[in-house]
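Dear colleague,

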Amino acid sequence: MERLTLFTRCIRTTRGFCTSNNPDKIVAAVLFERLPVVIPKIDPVVYAFQEFSFRWGQQYRRKYPDAVLGKSDARGKGDYQIDYVPAPRITEADKYNDRKSLQRALDRRLYLLLYGTTYGSPAGKPIWHFPEKVYEKEETLRKCAESALEFVLGDLSHTYFVGNAPFAHMVMPPKEDAPDDLPSFKRFFFKSQVIATNKFKIGKCEDYVWVTKDELMEYYPEQAAFLNQMIIS
């Protein structure tokens, strides 16, 4: 806790690390995710092992008389019958690859990506990026991350931030086509999750998508190795 307090104090004082001559900017980014809605399918290897364990156990299970088993089968039977049909795992959004919908890839985590201009965009052109904001005068770095997410969602009533500290960071050196006065910057990632909703009104950007971890690499080919280590999915 003391280390985190010192870290926050240093950021609040210098807008960087504790060295006053450090020109680097601090950017708070949010990895906004929707957790799986249904249980993922069992791996074939695990399924085969469970099947083997069941058949092996059947050899040594206790044998009951048919009269006892017949009584248990007849228990609770009446004139009613309930036909249970489980909801499909494949939705309409899956069929049409609608990446603006949260009703897809129900057994996977989905992550929000925005398309628009952001700090560090080459020549001010729109790029795909996470919700993010340059740290300026917020009380803490997490407050800055909350402000970045609130800017595109409108409110945070259906979000939950996991922890008060960033869980990852990356240093972004200036690109060749970036302005000369644009210094390198450090991007700190916070994790937030979708709570009790399946639809958001995303604004303040040109476009947005909800993508799985594998699809995320299509939008960030240069940082694929970093994102693969950062995101556990």
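**The loop residue Thr91**

Leaving aside residues up to four places away in sequence, Thr91 touches Gln103, Arg104 and Leu106. Please note that this is a predicted model. Thr91 is found in the loop between helix 3 (66-74) and helix 4 (92-95). Its relative accessibility is 15%, and because buried means under 20%, Thr91 counts as buried. The side chain of Thr91 also reaches the backbone oxygen of Gln103, at 2.4 Å.

**The nonpolar cores**

The largest nonpolar core has 24 residues, of which Phe32, Phe200 and Trp210 touch the most other members. At least two residues of this core are supplied by each of strand 1 (25-34), strand 2 (110-116), helix 5, strand 7 (185-194) and strand 8 (207-211). Helix 5 provides the largest share, six residues. Apart from this core lies another, of 20 residues, including Ala168, Val209, Val211 and Met230.

Phe32 touches, among others, Leu149 and Leu153, as well as Phe200 and Trp210; residues up to four places away in sequence are again not counted.

**Helix 5**

Helix 5 comprises 13 residues (141-153); at 1.5 Å a residue these should span 18 Å, and the end C-alpha atoms are 19 Å apart, which agrees. Its buried residues are Leu141, Cys144, Ala145, Glu146, Ala148, Leu149, Val152 and Leu153. Just after helix 5, Gly154 takes a positive phi of about 95°.

With kind regards

Key. Residues numbered from 1 in each chain as written. Predicted model: local features only at pLDDT ≥ 70, side-chain atom pairs only at ≥ 80, totals over all residues. Heavy atoms only, no water. Helix = DSSP H or I, 4+ residues; strand = E, 2+ residues; numbered from the N terminus. Expected span 1.5 Å × (residues − 1). Buried < 20%, exposed > 50% of the residue type's maximum accessible area, 1.4 Å probe, protein only. Polar contact = N/O pair within 3.5 Å; in protein donor to acceptor, adjacent residues only side chain to side chain. Contact = heavy atoms within 4.5 Å. Core = buried A, V, L, I, M, F, W, Y, C linked by side-chain atoms within 4.5 Å.
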